[in-house]
Amino acid sequence: MEHTRCLIIGSGPAGYTAGIYTARADLHPLLYEGMQVGGQLTITTEIENFPGYPEGISGPNMMLDLRKQARRFGTECRTGSIISVDLSKRPFICVDDFNNEIEAETIIVATGASANWMGIPSEKRFYGQGVSACATCDGFFYKGLDVCVIGGGDTGCEEAMYLSTLCNKVYLIHRRDQMRASKAMQAKVMNNPKIEIVWSHKIHEIIGNDLDGVTGVDLENLKTDTIEHLDLSGVFVAIGHKPNTDFLKGQLELDEQGYIKVQNPSSATSVPGVFAAGDVCDPHYRQAIVAAGKGCVAGMDVERFLQDNQ
Ligand code: NDP
């Protein structure tokens, strides 16, 4: 059976940064890149808020740079996913999607989270052309324009508040007549003159064309069963995220939403020798730079753990 001192699962900024640190510590990490090599950032367009790129960089190019840097120090990047793990004793036994078994002395889980989508065809069609799941990442491109946010949770409210600092007008579209967000967030949104809450409506269709991207939305009024149109340029979907932890259920302590519980500020999980970094354990910040920082933390935690547990 193949043996590794450090198995990294996931290839976003957290996984590759963990690769850079553990490879430079001479641990010869093995990194499984998963279904979406490079993670969520490979489906974003321009990244302007990652320090070190003064002119901005495309998501795919940034991930190629991170991958190159991880490989330069000896991280072995492998196409494929880990589909099951046995964390009941060390070394841990992990199985990939080709049924190869890997024995790992330590594991860094950096499998990220996936945004939930409404599931209508126009949402996919205009992704990156007016449809986004991250206001902090893409809000800048909608400066002075009208946009909408879908979702009445804390994320929807935060996204709306952030966008209100940049955009001309923000419609917050929610399918019920009561918000799920905390009272404090609701108060902020309701007192913001740039935000208009559109209660009891859901998106029927996103309207646009290849040249201009999104130009508006058709909304379904769930009380009257009628369709209403709004002209706007951006649709921010904030209907929750799902951490990619299905393969860990019953093995590691997860919170009620499935995020891995870590012993902040370290990256230690409920199982000694298993560490986690990035969006898979972070429902709050969800930023590449934070994930990269946490990947560094996990890499250093692994190094120290192996020194103490030879
Ligand atoms: P939530 O699950 O809390 O909210 C999701 C929202 O999207 C709900 O209003 C829900 O409607 C709506 N929704 C879900 N599916 C659909 C759909 N198919 N079509 C239309 N609307 C839909 O997710 P969040 O990401 O907002 O928050 C996740 C967790 O993170 C929460 O615990 C939250 O408190 C926390 N968080 C905390 C923050 C903070 O403290 N600063 C910031 C951000 C998040 P409905 O209400 O009808 O179900």
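Helices and strands here are DSSP runs, H or I of at least four residues for helices and E of at least two for strands, numbered from the N terminus. This is a predicted model, in which local features need pLDDT of at least 70, side-chain atom pairs count only at pLDDT 80 or more, and totals for chains, interfaces and linings use all residues. Residues are numbered from 1 along each chain as its sequence is written, and side-chain values use heavy atoms, with hydrogens and water left out.

I will start with the backbone. Most residues other than glycine have a negative phi, and most peptide bonds are trans. Another cis peptide bond runs from Arg90 to Pro91, with omega near -10°. Pro91 belongs to the loop between β7 (82–86) and β8 (92–96).

Next, positive phi. Asn99, which is not a glycine, has a positive phi of about 70°. Asn99 lies in the loop between β8 and β9 (101–104). Ser200, also a residue other than glycine, has phi near 55°, and its loop is the one between β15 and β16 (201–209). Are these residues buried or exposed? For the terms, buried means under 20% relative accessible area, exposed means over 50%, and partly exposed is in between, with a 1.4 Å probe and protein chains only. Asn99 counts as exposed because its relative accessibility is 62%, whereas Ser200, at 7%, counts as buried.

Ser267 lies in the loop between β20 (241–243) and β21 (274–276), and Ser267 is buried, with a relative accessible area of 3%. What does its side chain pair with? The side chains of Ser267 and Asp301 are joined by a polar contact of 2.7 Å. A polar contact is a pair of N or O atoms within 3.5 Å; within protein, one must be able to donate a hydrogen and the other to accept it, and residues adjacent in sequence count only if both atoms are side-chain atoms. Contact in general means heavy atoms within 4.5 Å. Leaving aside neighbours within four places in sequence, Ser267 is in contact with Val262, Val274, Phe275, Ala276, Val297, Ala298 and Asp301.

Helix α7 (residues 288–308) contains Val290. Val290 counts as partly exposed, at 27% relative accessibility. Residues up to four places away not counted, Val290 touches Asp282 and Tyr285.

Now helix α6. Which residues of α6 (residues 183–190) are buried? They are Met185, Gln186 and Val189. Seen down the axis of α6, the buried residues fall within an arc of 100°, so they line one face of the helix; the arc is that of the directions from the helix axis to the C-beta atoms. An α-helix has 3.6 residues a turn, so residues three or four places apart point the same way. The face turned away from the buried side of α6 carries the exposed residues Lys183 and Ala184. The packing partners of the buried residues are α5 (154–164), β14 (169–173) and β15 (195–198).

Strand β15 includes Glu196, which counts as partly exposed at 35% relative accessibility. Not counting residues up to four places away in sequence, Glu196 touches Lys169, Val170, Tyr171 and Leu172.

On to the ligand. There are 16 residues around the ligand, and Asp154, Thr155, Glu158, Arg176 and Arg180 come nearest; near means that one heavy atom of the residue lies within 4 Å. The shell divides into two nonpolar, eight polar and six charged residues. Here Ala, Val, Leu, Ile, Met, Phe, Trp, Tyr, Cys and Pro count as nonpolar, Asp, Glu, Lys and Arg as charged, and the others, Gly among them, as polar.

Which distances to ligand oxygen can be given? A backbone N or O atom of Gly153 lies 3.3 Å from an oxygen atom of the ligand. For a polar side-chain atom of Arg175 the distance to a ligand oxygen is 2.9 Å, and for one of Arg176 it is 2.7 Å. Taken alone the ligand exposes 920 Å², and the protein buries 72% of that, with areas from the Shrake-Rupley method and a 1.4 Å probe; for residues, only the protein chains shown count as cover.

Last, Thr226, found in strand β18 (residues 226–231). Thr226 counts as partly exposed, at 37% relative accessibility. Its side chain makes a polar contact of 2.6 Å with the side chain of Thr224.
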